[in-house]
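Please view the model alongside the text.

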Amino acid sequence: MERCVRGLMWSLSLLCVLLDLQLDGVLGATHAEIEHHLEMGRKLLAAGQLAEALSHYHSAVDGDSKNYLTFYKRAAVFLAMGRSKSALPDLSRAIQLKPDFLAARLQRGNILLKQGLTQEARDDFQAVLQRSPDHEEAREQLVRATELEELQEEAHATYHRGDYSTTVNVLERVIEISPWDPESRELRADCYIRMGDPRKAIQDLTPTTRLRNDNRAAFLKLGRLHYDLGEHHESLSHVRECLRLDQDDKECFSLYKQVKKLSKQLDSAEELIQEERYQDAIDKYESATKTEPSVQFYTNLATERICFCLVKLKRVVEAIDTCSEAHQRDPHNANILRDRAEAYILNQDYEKAVEDYQEAREFNSDSIEIKEGLERAQKLLKISRKRDYYKILGVSRVANKQEIIKAYRKLAQQWHPDNFQVESEKKEAEKKFIEIASAKEVLTNPELREKFDAGEDPLDPENQQGGGGGHQGWPFHFDPFGSGGSFHFKFEHN
């Protein structure tokens with residue numbers, strides 16, 4: 001037994017000797033490598049190649065964890081990359097290895113001050129001044145630390161008094177001194193929310209997600225703010241970041257389900273509009289209002305887009321009612337005014353169409369679509385004061401060819417000149433009959449109807465090349481001197 005123990009002890013001794021020899025060789029080789037990494041790091045840092053420089057400083061630190069300068073230089077690279085949180089441990093390690101290293105203490109104090117940690121920053125600046133009483137930068141930064149502390153106290157006092165405007169003003173200087181302090185930005189964001197300015201709150205909260213390692217609260221608040229503003233895609237992005245930090249976070253998961261469902265409905269509705277499936281789009285928007293009935297933005301959006309779809313479906317009465325409701329909800333929305341103008345045109349109410357287009361142009365003077373729509377509505381209004389072929393036949397602007405021919409036959413029978421014996425009545429009937437025939441001719445010809453719908457009367461002599469008088473441009477001929485004094489009409493098109 002004793003021999004076994006002695007044999008084991010000898011084996012362990014031999015192993016230790018071998019390890020020592022190996023370590024000596026490694027350390028000898030590593031020393032040269034460390035110098036190489038430090039030199040490469042210095043050159044790459046000077047050249048602005050920060051990622052490459054950092055890689056070499058990592059290797060240098062791994063090779064020699066007792067060199068305070070190596071940690072300090074790596075901290076300098078972290079700071080150049082804007083990674084102050086990563087620089088702090090290296091500065092602290094450099095100070096631990098060399099407590100009188102004033103440059104590291106000053107640098108750490110500056111970072112702590114920017115993070116809003118006034119007491120810790122003050123300790124570093126005072127340590128520098130103890131060893132170097134005339135150090136000007138340390139003295140100036142110590143004054144700033146005292147100022148920051150006083151401002152922080154003032155900001156919290158005014159906030160608790162409910163004076164949010166003053167708090168915002170005080171925090172402006174606080175954040176100027178400590179831009180990396182998430183607490184001050186979060187406090188100012190809360191003030192902006194209470195003051196009804198969510199956009200500015202978002203601007204303050206966004207950087208806090210990077211200033212804290214696990215800032216689920218900020219991601220959640222950003223998700224809610226974007227959601228309430230109608231920015232459901234941005235909201236979904238922030239809530240997903242919250243769940244990435246903790247997939248079991250109940251508040252984030254609850255909001256995620258709501259936003260995802262609504263976002264899918266809204267995106268689907270717009271895709272259906274692009275596919276010209278307007279009724280399906282209406283159904284989808286109505287479902288979206290049930291998913292989120294409380295946030296005004298989504299109700300307004302759904303009403304606006306349903307208005308658009310109803311116009312496309314030429315459901316005139318519904319379109320006018322829905323567009324009017326949408327306009328009441330959002331009076332400055334040029335798109336709603338444009339869509340209601342189109343509904344009025346379908347309803348042959350050209351004066352109201354012109355009024356809506358004029359108002360829409362006040363809100364969006366750069367829109368070519370609105371400009372052209374206004375010009376078309378004005379043309380239609382001008383023509384309607386002369387003759388409106390739809391009104392002549394008593395049909396709507398969405399009437400099909402069969403409906404137009406049916407209306408024409410009924411009126412042609414009623415107003416045929418042969419039905420009248422008194423000369424004055426016969427002449428009036430002749431005039432009326434010509435109008436009826438003209439209306440039928442234009443509205444049953446796709447090309448002529450398209451021109452009329454665009455605000456041009458294709459039978460107006462002013463629009464005919466060559467001008468001239470008489471009945472030039474009319475699509476029919478009649479002979480008032482036929483046998484028996486009867487009128488015989490011959491139509492060129494059926």
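Helix H3 (residues 68-80) and helix H4 (residues 84-97) pack with their axes 8 Å apart, at an angle of about 160 degrees. H3 is therefore roughly antiparallel to H4. Axes here are lines fitted to C-alpha atoms, for helices over the stretch in contact, and angles run from 0 to 180 degrees between N-to-C directions. Angles under 35 degrees count as roughly parallel, over 145 as roughly antiparallel, 65 to 115 as roughly perpendicular and the rest as oblique. Helices themselves (H or I, at least four residues) are DSSP runs, numbered from the N terminus, as are strands (E, at least two).

H3 passes H4 in a left-handed crossing, a term that applies if the near helix is turned anticlockwise from the far one by less than a right angle, with clockwise giving a right-handed one. On the H3 side, the contact is made by Tyr68, Phe71, Tyr72, Arg74, Ala75, Phe78 and Leu79. H4 contributes Ser84, Ser86, Ala87, Asp90, Leu91, Arg93, Ala94 and Leu97. Contact means heavy atoms within 4.5 Å.

The model is predicted: local features need pLDDT of at least 70 and side-chain atom pairs count only at pLDDT 80 or more, whereas totals for chains, interfaces and linings use all residues. Residues are numbered from 1 along each chain as its sequence is written, and side-chain values use heavy atoms, with hydrogens and water left out.

**Disulfides and cysteines**

The structure holds two disulfides, each being a pair of cysteine sulfur atoms within 2.5 Å. With bonded cysteines counted along the chain, the pattern is 1-2, 3-4. Cys242 belongs to helix H12 (residues 232-245) and Cys252 to helix H13 (residues 250-274), ten residues apart. This link is right-handed, with 75 degrees about the S-S bond.

The sulfur atoms of Cys307 and Cys323 are 2.0 Å apart and form a disulfide. Because Cys307 lies in helix H15 and Cys323 in helix H16, the pair ties together parts that are 16 residues apart in sequence. The torsion about the S-S bond of Cys307 and Cys323 is about 90 degrees, so this disulfide is also right-handed.

| Residue | Relative accessible area | Class |
|---|---|---|
| Cys191 | 0% | buried |
| Cys242 | 0% | buried |
| Cys252 | 1% | buried |
| Cys307 | 0% | buried |
| Cys309 | 0% | buried |
| Cys323 | 0% | buried |

Cys309 is in no disulfide; its nearest cysteine sulfur, that of Cys307, is 9.0 Å away.

**Helix H16**

Helix H16 (residues 316-329) has 14 residues and should span 20 Å at 1.5 Å a residue, which agrees with its end C-alpha atoms being 20 Å apart. The expected span is 1.5 Å times one less than the number of residues. Within H16, Val316, Ala319, Ile320, Thr322, Cys323, Ala326 and His327 are buried. The buried residues of H16 pack against helix H15 (296-312), helix H17 (334-346) and helix H18 (350-363).

**Thr118**

Thr118 lies in helix H6 (residues 118-131). Its relative accessible area is 6%, so Thr118 is buried. Leaving aside residues up to four places away in sequence, Thr118 touches Ala145, Leu148, Glu149 and Gln152.

How values were computed:
Buried < 20%, exposed > 50% of the residue type's maximum accessible area, 1.4 Å probe, protein only.
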